[in-house]
Structures are given as structure tokens and as C-alpha cells.
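Morning, everyone. Please have the sequence and the model open while I talk.

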Amino acid sequence: GPDAEIGASMQRAALMYADQVNTTGGIGNRKLEFEFIDEGTDQAKARAAAERAASSASTLGVLGHWSRDSIAVASDIYGKQGIPMLSPSSRAPRAAAAGEWVFSTAFAEDAETRFLANFVRNVIGEKTVSIIQQEGEDWQALAKEFDGILQRFGTKVVNSWAFDGASPKFDDRVAEIVKDIDGRQLTGALLIVGGTRESARILTALRMADVRNQVVRSEEHTS
């Protein structure tokens with residue numbers, strides 16, 4: 001799927017850890033083994049993968065998932081079966097707060113957003129910030145959180161654009177946003193609030209248009 005590189009990295013890390021544990025005797029004199037299931041960052045496949053893992057008597061726990069939709073659908077299945085899920089994604093803490101069987105190794109998205117706003121204003125020193133945000137309540141909440149922190153330091157978001165990541169006209173909308181930013185020669189940092197794939201495509205479009213503003217995003221993209 002679109003997050004294949006992340007999945008491959010997680011798989012390599014898991015195998016390295018299993019090798020380390022097993023060379024020292026395993027856990028309770030039992031070897032640690034992983035079965036890898038590719039859910040392709042697809043909600044339907046994630047459900048099928050979670051049901052497969054949960055139905056196996058040998059499953060003691062799950063490492064993953066990564067995307068917002070996958071975590072949402074899988075965590076419910078594992079919770080009903082009493083199987084702990086540990087995810088390295090920043091989307092996991094929200095699911096973890098809603099159920100006792102979901103655990104996260106990352107900060108929550110809202111905590112990351114507050115940190116990023118403080119970093120942009122007080123470390124980088126940007127006094128002007130504009131936001132390109134994906135439509136949806138969660139993304140809007142993160143954008144509002146970012147603006148709220150900026151306002152504490154006497155500044156605020158001065159421009160904003162919204163896009164629908166699922167729209168067939170997504171690329172056209174991105175072109176409109178980039179043209180507006182480039183044509184107005186806006187200064188200051190640009191914050192992208194949205195999914196990984198959509199954010200990457202927006203960043204690529206900005207750089208292809210030679211828009212050289214500092215672009216920031218929590219977790220996967222910070223440049």
C-alpha cells in the first residue's frame with residue numbers, strides 16, 4: 001500500500017528485536033515470533049487482517065496498525081478479543097484513550113501540534129504562518145489547536161486553504177492553492193494539516209512551483 005516503506009521499516013525492527021530476545025533465551029524460555037500481515041493501508045483489508053490475527057490462538061499481541069482508519073477498525077476487534085495492540089503511530093493515543101487494549105509509543109497528534117506551534121514560533125522564529133488543511137473535524141481541530149498556541153505568543157494564522165483529500169479534483173485544488181500562494185508571494189511558514197499521502201503531494205507541488213517557504217508538518221513531514 002501507500003505506507004509500504006513504513007511497514008517494511010516496522011517489520012525490520014520487529015525482526016531485529018525478536019532476534020535479540022531469542023538469542024538471550026526468549027520470553028519464559030519460549031521464542032518470540034512475528035507473523036506479518038499486509039493490510040495495505042486499506043480499511044477493508046485492515047478489518048480482515050485484524051480478524052485473522054484475532055482468530056489465531058497463537059496471537060498474544062499485535063504490533064501496528066499505522067493509518068487512522070486502520071487503527072479505528074482494528075482496535076475494536078482486538079478489544080473485543082482481549083488482545084493488546086501496540087502502535088507506533090501518533091493516531092493511536094486517541095484510540096488508546098477509548099479502550100484498555102490499545103497502547104501507543106507516540107505522542108498524540110494534538111500534543112505534537114502544540115509542540116510544533118511552539119517550535120515554529122519560538123525556535124524557528126516565524127511570526128507569520130499560513131495553513132493548508134484537509135477537510136474533516138479531526139484536521140480542523142488540529143489546525144485550531146495550532147492557531148490557539150500561536151495566539152498565546154501574540155501571533156496567529158493569517159491565511160488558510162482547505163482541500164478534500166478524497167475528491168477526484170484533489171490535484172486541481174492543490175494547483176489552485178499553490179498558484180495563490182505563489183502569486184501573492186506570501187512570506188512565513190506553511191503548515192500542512194492532513195493525511196500523509198495528501199501532504200506529500202502538496203509539498204511536492206509547492207516545491208515544483210519553486211515556493212520556498214518553510215513547510216512544516218507533524219510526524220512524517222517536517223522540512
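I will go through the sheet, the pocket, a surface patch and the salt bridges.

First, the ground rules. This is a predicted model: local features need pLDDT of at least 70, side-chain atom pairs count only at pLDDT 80 or more, and totals for chains, interfaces and linings use all residues. Residues are numbered from 1 along each chain as its sequence is written, and side-chain values use heavy atoms, with hydrogens and water left out.

Start with the sheet. Helices (H or I, at least four residues) and strands (E, at least two) are DSSP runs, numbered from the N terminus. In what order do the 3 strands of the open sheet run? The order is β1-β2-β3, and the pairing is parallel. At the edges sit β1 (62-63) and β3 (102-104), each pairing on one side only. A pair here requires at least two bridges found by DSSP between the two strands. β1 and β2 (residues 85-87) have 2 bridges, in the parallel sense. Look at L63: its bridge partner in β2 is L86.

Now the largest pocket. A pocket is found on a 1 Å grid over the protein atoms alone: it is an open set of points with protein on both sides within 12 Å along at least five of seven lines, and lining residues have an atom within 4 Å of a point. Its volume is the space filled by probe spheres set on the points, which are joined across faces, edges and corners. The largest pocket holds about 1400 Å³. Its lining has 44 residues, and F34, E35, G61, V62 and L63 lie nearest the centre. Which element gives the most to that lining? Helix α1 does, with 8 residues. At least two residues each come from α1, α2 (43-55), β1, α3 (68-81) and β2.

Next, the surface. L15, Y17, F34, F36, L63, L86 and F103 make a nonpolar patch of about 630 Å². Patch residues have over 30% relative accessible area and no salt bridge; nonpolar side chains (Val, Leu, Ile, Met, Phe, Trp, Tyr) are joined within 5 Å, like charges within 9 Å. Areas come from the Shrake-Rupley method with a 1.4 Å probe, and for residues only the protein chains shown count as cover. Take Y17, in helix α1 (residues 4-23). Y17 is partly exposed, at 47% relative accessible area. The scale is simple: buried means under 20%, exposed over 50%, partly exposed in between (1.4 Å probe, protein chains only).

Last, salt bridges. One is a side-chain nitrogen of Lys or Arg within 4 Å of a carboxyl oxygen of Asp or Glu. How many does the structure hold? There are 7. The side chains of E35 and R52 form one of them, at 2.6 Å from N to O. E35 lies in the loop between α1 and α2 and R52 in helix α2, so this pair ties together parts 17 residues apart in sequence. E35 is exposed at 52%, while R52 is partly exposed at 46%.

K80 and D76 form another, with the closest N and O atoms 3.4 Å apart. They are 4 residues apart in helix α3, so about one helical turn separates them.

R114 bridges to E145, with the closest N and O atoms 3.5 Å apart. R114 is in helix α5 (residues 109-124) and E145 in helix α6 (residues 137-152), so that pair ties together parts 31 residues apart in sequence. Shared partners join D110, R114 and E145 into one network of salt bridges.

Note on methods:
1 Å grid on protein atoms, 1.4 Å probe; cavity = no way out; pocket = protein on both sides within 12 Å on 5 of 7 lines; lining within 4 Å.
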